[in-house]
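Colleague: I am new to this structure and would like to be walked through it with care. Could we begin with the surroundings of the ligand and then turn to the sheets?

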Amino acid sequence: FQQLTMLTSALHCWMDDYICLITVLLILIYLWLSWYRKPKNFPPGPRGLPILGIVPYLGKHPEKVLSKLADKYNPSVMSFRMGRMDWIILNDIEAINQALVKQGEDFSGRPKSPLFDMLTNGCGLVFVDGERWKEQRKFGIMALRSLGMGKRILDEIINKEFEVLANHFESSGSSIDAMTSLRKAVTNITCEVLMGKRFEYNDPVMEIITEHRFVLLSIMDLLHNILVLFSNFKKTMARFRENTKFLQSIAEIIESHKRNFDQNNKKDFVDYFIDEMLYKEGNYFTDEQLCHYTRDLLVAGINTTTALGWGIVCLLLYRGHQTKIAKEIQQVIGDETPTLHHQDRMPHLRSFIQEVHRCRSIATLNLPHRTTRDVRLNGYDIPKNTPVLTNIWRVHNDPRVWKDPHKFNPGRHLDSNGKFVHSAHIIPFACGYRRCLGERIARAEMFIFFAKIIGRFELNKDDGEPLTLDNDPAGAVNSPKPFRFTVRRR
Ligand code: HEM
């Protein structure tokens, strides 16, 4: 009997181990199969490694790696695997227009992410979709238009702030920390538009606002999201805590707006929002929404710093353009204050700015979108909730459109009569339903900044610092490395 008991328990142990082993094997087979299983009739593309997908292969320039993969799999729409999700990426201007413009509503979602939710509590504009996004975006367009965006009021705000910046450049004496000073000036312009307020460059609130960009931008950079979190977990969490501090600063400014609110004299974005909150019937006009909306605009607005920074780098590296543009400014603007009305007669400055946008794409892969229903694109079936990237860098470097795309050559945007040619193949602000809300502000900032600075100063490299077109690995968007330069009055 004892022998029989021993035999049975040995058999049990063995069977337990066996069952465990089989279960593990079955789970592995399931994971393996589900890893390789794609939705039916889905665009072709690489799968990479289980769980991580193609992330380990993306390197420092995911847009270039993805572009090479597009040549191999599909130059129009490709898929790839990342995390538990199958992503698609739009690779050429035709597919981008078809998806983001013609089928724009179906592609207007943002991927769901617990990280976004932690930061925004489902509020704001950049990370939300559905009814809240529709209502708030409509309001944003109305409010910015009513504030005179693209017309005189905006020109005045920008001119005033860049005058302060120009004086700061001149009084610096030695070389200027380009990105820091640009960031402060650009932040002040956005603060004026949103809250009717600017800060001295050494004000601690200015520091809080400009540093806050890291919180959202590092999260926005979805491709590196996973890596950022794991490699820098402590720092990322500290930044999350900063988020609360920052929102408190905005809440205080909003409270003071409420105390002084005058419905007949709405002066800024916050006033327009308060008006909706008090007197209209929208669903999402709450204090919390206003805080997050203001924060989203402040952070998104800082993007212009990067474009201005690249512009200065190009002026320092390719000095011939400074002389050409300075002459044009002298002829067209002279002693007047630069405004957008001057730009029609300034082909050299406009083509310079368009080439900066093309050659140094800021949002190389755009912000991620999400399909809001099952859709058909270029003959493929793409299920609801599929995350979508847009390879803006590839469009800006498409050799079918641009001869020697890697060369910085503003002359390519002039026709045979020397007239500026606007290109539909340059989409720094993306296109369609979720196109950048601040495009008009950004375009006015870029034009007025360069008209003012190149007209007044000769810009020179700082001898001590090598200057390159390499991007800053610490930046979430494609940004120049910190650099210094000097100015000399013309
Ligand atoms: C050169 C400067 C800028 C560039 C290159 C740029 C580019 C972009 C891009 C590529 C997007 C994503 C569009 C999409 O999801 O398809 C975006 C969204 C956005 N941008 Fe800009 N931007 C700039 C400046 C600004 C400024 C100055 C503001 C406001 C003050 C702003 C506010 C926004 C907002 C609110 C969104 C989100 C729109 C939405 O989700 O509906 N941007 N921008």
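**The ligand and the sheets**

Modeller: Helix H5 (130–146), helix H12 (287–301), helix H13 (303–317) and H17 each contribute at least two residues to the shell around the ligand, where helices (H or I, at least four residues) and strands (E, at least two) are DSSP runs, numbered from the N terminus. This is a predicted model, in which local features need pLDDT of at least 70 and side-chain atom pairs count only at pLDDT 80 or more, while totals for chains, interfaces and linings use all residues. Residues are numbered from 1 along each chain as its sequence is written, and side-chain values use heavy atoms, with hydrogens and water left out.

Colleague: Which residue is the only protein donor of the iron atom of the ligand?

Modeller: Donors are N, O and S atoms within 2.8 Å of the metal (3.2 Å for Na, K and Ca), and water is not among the atoms, so sites may look incomplete. The residue in question sits in the loop between helix H16 (392–396) and helix H17 (439–456). Its SG atom lies at 2.3 Å from the iron, and the only protein donor is Cys-436.

Colleague: Which residue has a polar side-chain atom 2.7 Å from an oxygen atom of the ligand?

Modeller: A polar contact is a pair of N or O atoms within 3.5 Å; within protein, one must be able to donate a hydrogen and the other to accept it, and residues adjacent in sequence count only if both atoms are side-chain atoms. At 2.7 Å, the residue is His-369.

Colleague: What is the bridge partner of His-369 in E7?

Modeller: Four strands form an open sheet of mixed pairing in the order E1-E2-E7-E4, where two strands pair if DSSP finds at least two bridges between them. Strand E4 (369–370) is an edge strand, as is strand E1 (77–82), and two bridges join E4 to the antiparallel strand E7 (residues 387–390). In E7, the partner of His-369 is Val-388.
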